[in-house]
Each structure stands twice: as structure tokens, then as C-alpha cells.
Amino acid sequence: MALSNEMVLVTGGAGFIGSNLVDLLMERGHPVMVLDNLSSGSMKNLERWMDDPSFKFIKGDIRRPLELALTPQSIGDGPPIGTIVHLAARVDVTTSFDKVHEDLEVNYLGTLNVLEHALRAGTKNMVFSSSAAVFGDTSKVPVGEDEVTAPLSPYGLNKLSSEQLMRIYSAQYGLSCKSLRFFNVYGPRQNPSNPYSGVISKFMSWALSSEPFIIYGDGSQTRDFVHVRDVAEAIYCAASSPSSGTYNIGTGKETSISDLTREVASAAGIPPRTVNMPARKGEILRSCADIGLAMEKLSWEPAIELKEGIRSTFRWFQQDRSTAKE
Ligand SMILES: NC(=O)c1ccc[n+]([C@@H]2O[C@H](COP(=O)([O-])OP(=O)(O)OC[C@H]3O[C@@H](n4cnc5c(N)ncnc54)[C@H](O)[C@@H]3O)[C@@H](O)[C@H]2O)c1
């Protein structure tokens with residue numbers, strides 16, 4: 001199934017992954033509508049498309065069904081919404097403990113609102129951004145989709161519950177729902193202010209201000225870092241797939257935080273300077289995706305090697321910082 005020429009609604013499209021996806025969709029000629037409340041996203045990420053007639057932006061909140069309901073009317077006589085890519089979320093795992101109700105409202109009830117909106121608008125195709133956080137501290141590396149899920153945070157729990165909503169709406173109402181469990185996504189436009197998910201952007205921001213890299217624990221913990229362009233491509237492949245399912249989206253390669261400091265320092269042309277802090281409570285030791293299912297069923301595979309991705313991302317951060325100073 002090729003992605004049709006109907007409108008793609010991207011919730012959270014002003015954010016890091018969302019805006020990179022908007023670039024890919026617009027470059028391929030698909031009309032796009034973004035719904036975002038700009039709580040962590042920015043209009044700057046979308047400025048390239050603001051004057052394009054195939055692009056629409058709506059400032060709205062997925063917690064408010066009425067604001068979601070505005071979307072079909074606001075496209076006037078434009079094409080109907082054929083696909084919804086649901087990325088809007090509170091993404092900070094750590095604060096999901098302090099703001100447990102807010103996390104539930106945005107990350108679970110918000111997903112329910114988006115699904116209900118899909119039913120009302122007659123949209124049959126849905127891609128949802130889940131997370132590796134659904135697994136919790138699994139000892140299995142690489143981890144397959146069928147492994148036990150035991151989230152360690154309200155964030156992970158709400159992602160898992162949202163996946164279950166996708167499954168139920170798919171079975172009950174015939175929607176094609178694809179849940180993608182992103183591992184550690186990095187690349188241009190990632191906000192370094194989130195210490196939990198943005199370790200690469202954080203290291204880059206420290207490299208640019210000549211500060212040492214902070215490592216929690218001994219640096220031997222591993223993550224599976226996947227470039228945002230590969231993630232946008234995975235979303236595109238999932239949106240083009242007719243069948244429902246849940247897929248891991250990573251690279252299948254583990255990188256330790258210590259190795260990562262060396263890669264970022266080398267991209268920045270500086271010697272690696274690190275400071276070790278005590279390990280953070282509840283931090284998992286190893287994380288790596290088995291991506292066999294996405295490769296087989298979605299015909300997707302990551303194309304950007306970590307070394308190359310880090311170098312191009314560093315150049316982007318450098319340029320962004322020098323433009324901000326002008
Ligand atoms: N970045 C990662 O490594 C990663 C890993 C796993 C899963 N994810 C998931 O991918 C999705 C995108 O994440 P991201 O890294 O681009 O984060 P982001 O914060 O850059 O993007 C989230 C977007 O959602 C918007 N938003 C938040 N609450 C909203 C609401 N109530 N109504 C409307 N819009 C709202 C924000 O303004 C922002 O533009 C999220 O669902 C996140 O949980 C990301």
C-alpha cells in the first residue's frame with residue numbers, strides 16, 4: 001500500500017521527530033496538517049513550510065477533543081485526512097513521576113481522543129509513537145517485540161496502554177494501527193534540555209560550550225541510537241503498510257555511553273573530557289532493539305551509521321548555535 005495523496009495529520013509535528021517527519025512528507029509531495037500545542041515543540045522547526053499551500057498548522061491540544069475536531073473544517077475544501085501519525089506526548093520520563101496525572105491525560109487519554117477523532121473523521125490509517133520504555137529493565141538484548149513488558153515509569157505505562165488501545169481499535173473498528181517502539185532517537189532539532197532522552201544532543205551542547213560531558217555511572221551502560229531521518233522513514237513505511245502491528249525501531253546495535261563520548265568528541269575535534277556522577281536510580285543497563293520484524297513486515301531498515309549521523313548532527317548543532325547568535 002503506497003501512502004495516498006490524502007492529507008497526513010501529524011500530532012506533535014512541531015517537535016523533534018514530528019518536524020523531521022513533516023520535512024520527509026512534504027519533500028515527497030504529501031499534504032500535511034500539524035496539530036501541536038507547542039508545549040515542547042517550536043514553530044521554528046516548521047518555518048520552511050509555513051507559506052506552502054499543502055501545509056497547515058493548527059495550535060491545539062490533544063487533551064481537548066473539540067480542538068482536534070477543528071482539524072477537518074480548517075482544511076476547507078482540501079483533501080480528507082487519510083492517515084494520522086500520533087506523536088504528540090509529554091516526553092520526559094523523569095517528570096512523569098511528579099506529574100503522573102498530566103502524563104496520563106496527555107499520553108493515554110490524549111491517544112484515546114486521537115483514536116476517537118480518527119473514527120469520527122473516517123480516517124482508517126494510524127501510526128503511533130510508542131517507546132522502548134514499555135520494556136522496562138529487560139535482561140534480553142537485543143529485545144524482540146514479544147518480550148515481557150514491565151514499564152518502570154508512568155510514561156512507559158501510558159505508552160504500553162496506548163499500544164493496547166491501538167490493538168483494540170484495530171480489532172473492533174477495522175483501523176490499521178501501527179505502534180512503533182522508538183529506541184534512542186537523535187539528530188537535528190533534538191532539544192538538549194531533556195537530560196533523559198537527549199544524551200547525544202546534551203553531549204553536543206557541552207562540546208560546543210567546552211564543558212566536560214557528564215556520565216551517570218561508569219559509562220558502560222548501552223543504548224541503541226537511531227537517527228531521526230531513519231525514524232521518519234520508519235513512520236513512512238508503517239503509514240504505507242496496510243496491516244496493524246507493533247514494531248521496534250532502532251538499529252540493532254548497542255553503543256556504550258563511554259564510546260558515545262569518544263564519537264561526539266571526535267566529531268567536535270576535541271579530546272573527550274568526562275565527569276562521572278553516581279548512577280541514576282532505575283536506569284537500565286543495556287538496551288538494544290531486535291528490528292527483524294520491522295525489516296520483514298515494513299520493508300524498513302536504518303541507513304545512517306552512528307559515526308556519520310553524529311558528524312552531520314554536530315554540524316547542524318554548530319550551525320544552529322551560530323545562527324542563534326547572529
Ligand atoms: N526522542 C526519542 O528518543 C523518543 C523515544 C521514544 C519515543 N518517543 C516518542 O516520540 C514522540 C515524539 O517525541 P519527540 O522526541 O519528537 O519529542 P518532542 O517533545 O520534540 O515532540 C512532542 C511534540 O508534542 C507536542 N505536544 C505535547 N503535548 C501536547 C498536547 N497535549 N497536545 C498537542 N501537542 C502536544 C509538543 O509541543 C511537541 O511538539 C513522542 O510520542 C515520544 O514519546 C521519542
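Helix 1 and helix 6 sit roughly perpendicular to each other. In this predicted model, the two axes are 9 Å apart and the helices pack at an angle of about 65 degrees, which just meets the cut-off, since angles of 65 to 115 degrees count as roughly perpendicular. The crossing of helix 1 past helix 6 is right-handed. On the helix 1 side, the contact is built from Phe-16, Ile-17, Asn-20, Leu-21 and Leu-24. Helix 6 brings in Val-228, Arg-229, Val-231, Ala-232, Glu-233, Ile-235 and Tyr-236. As for the spacing along the chain, an α-helix has 3.6 residues a turn, so residues three or four places apart point the same way.

Helix 1 itself covers residues 16-27, and its length checks out: at 1.5 Å a residue, twelve residues should span 16 Å, and the end C-alpha atoms are 17 Å apart. Most of this helix is covered, with nine of the twelve residues buried. The buried set runs through Phe-16, Ile-17, Gly-18, Ser-19, Asn-20, Leu-21, Val-22 and Asp-23, and also takes in Leu-25. Helix 6 (228-239) is one of the elements doing the covering. Strands contribute too, including strand 1 (7-11), strand 2 (32-36), strand 4 (81-86), strand 5 (125-131) and strand 7 (184-186).

Arg-28 belongs to the loop between helix 1 and strand 2, and it counts as exposed because it has 9 C-beta neighbours inside 10 Å, where 12 or fewer is the cut-off. Between the C-alpha atoms of Arg-28 and Ser-139 there are 40 Å, with the two residues 111 apart along the chain. Gly-29, which also follows helix 1, has a positive phi, near 85 degrees.

Helix 3 meets its partner through Val-100, Asp-103, Leu-104, Asn-107, Tyr-108, Thr-111, Leu-112, Leu-115 and Leu-119. From helix 4 come Pro-154, Tyr-155, Asn-158, Lys-159, Ser-161, Ser-162, Leu-165, Tyr-169 and Tyr-173. Eleven of the residues in this contact are nonpolar, five are polar and two are charged.

Helix 4 also passes the length check: its 20 residues should span 28 Å at 1.5 Å a residue, and the end C-alpha atoms lie 27 Å apart. Its buried residues include Pro-154, Tyr-155, Gly-156, Leu-157, Asn-158, Lys-159 and Leu-160. Further along, Ser-162, Glu-163, Met-166, Tyr-169 and Ser-170 are buried as well. Apart from helix 3, the buried residues of helix 4 pack against strand 5, strand 6 (176-182) and strand 11 (245-249). Just after helix 4 comes Gly-174, with a positive phi of about 70 degrees.

Helix 5 (residues 199-208) is largely enclosed by the rest of the structure, because eight of its ten residues are buried. These are Val-199, Ile-200, Ser-201, Lys-202, Phe-203, Met-204, Trp-206 and Ala-207. Just beyond helix 5, Ser-210 adopts a positive phi of about 55 degrees.

How values were computed. Residues numbered from 1 in each chain as written. Predicted model: local features only at pLDDT ≥ 70, side-chain atom pairs only at ≥ 80, totals over all residues. Helix = DSSP H or I, 4+ residues; strand = E, 2+ residues; numbered from the N terminus. Expected span 1.5 Å × (residues − 1). Buried ≥ 20, exposed ≤ 12 C-beta atoms within 10 Å, placed from the backbone. Contact = placed C-beta atoms within 7 Å. Nonpolar A, V, L, I, M, F, W, Y, C, P; charged D, E, K, R; others polar. Axes fitted to C-alpha atoms, helices over the stretch in contact; angles between N-to-C directions. Parallel < 35°, antiparallel > 145°, perpendicular 65-115°, else oblique. Left-handed = near helix turned anticlockwise from the far one by under 90°.
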